[in-house]
Amino acid sequence: MSKFNIDNDAIRQLAELLDDTNLTEIEVAAGDNRIRVARQGTMVAAAPAVAPAASAPAVAAPSDAASHPGAVKSPMVGVVYFAPEPGAAPFISVGASIAEGQTLMLIEAMKTFNPIRAPKSGKITQIIATDGHPVEYDEPLVIIE
């Protein structure tokens, strides 16, 4: 078993991210090392993740979408918003034509709203993420064809 160096500052930042986004669990990996921080009741606990089988459960549709060549994946953990403010028109809709660099959505992380821009021009064929819900790093958000 390899020695695992714990980065207490990283754990604190992940715990703050749980509070800021109302997530119940987050896991990050760097090489062979993984840190999983999970909320249990009102406490936040941190522990090295168990074998990969423990993190294997996934919804079938997003994992299929993740392999799609037009998948736009989340560059961070946070909460997705499809409109610039509550009540405003959404940035995108299924069937809409979009241009490279156009804002697709916002992801709120660490109290900062980060625009997610289209990596290419095309047509939105599927919106996978749900407005106002958390997303994980590398999770598919939309499909552009």
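Okay, hi everyone. Keep in mind that what's on the screen is a predicted model. Let's start with some background: strands of a sheet pair through backbone hydrogen bonds, and they can do that parallel or antiparallel.

So, the sheet with β4 in it. Four strands make an open sheet here, ordered β4-β11-β9-β6, and the pairing is antiparallel. The edges are β4, residues 71-73, and β6, residues 97-98; each has a single partner strand, so one side of each is left without a neighbour in the sheet. If you zoom in on β4, three bridges tie it to β11, residues 140-144, and those two run antiparallel. You can find A71 standing opposite I143 in β11.

Now for the other one. This open sheet also has four strands, in the order β8-β7-β5-β10, with antiparallel pairing. At its edges you've got β8, at 112-117, and β10, at 134-135, and each has a single partner strand, so one side of each has no neighbour in the sheet. Further in, β5, residues 78-81, is joined to β7 by three bridges, running antiparallel. As part of that, V80 has I107 in β7 as its bridge partner.

Stay on β7, residues 103-109, because I'd like to show you E108, which lies in that strand. What does a buried E108 have around it? Well, no salt bridge: the nearest side chain of opposite charge is K111, and that's 7.9 Å away. There is a polar contact, though, at 3.4 Å, between the side chains of E108 and Y81. Beyond its neighbours within four places in sequence, E108 is in contact with T21, V77, G78, V79, Y81 and F113.

That's my bit, thanks!

Notes:
Residues numbered from 1 in each chain as written. Predicted model: local features only at pLDDT ≥ 70, side-chain atom pairs only at ≥ 80, totals over all residues. Heavy atoms only, no water. Pairing = 2+ DSSP bridges. Buried < 20%, exposed > 50% of the residue type's maximum accessible area, 1.4 Å probe, protein only. Lys, Arg positive; Asp, Glu negative; His and termini not counted. Salt bridge = Lys/Arg side-chain N within 4 Å of Asp/Glu carboxyl O. Polar contact = N/O pair within 3.5 Å; in protein donor to acceptor, adjacent residues only side chain to side chain. Contact = heavy atoms within 4.5 Å.
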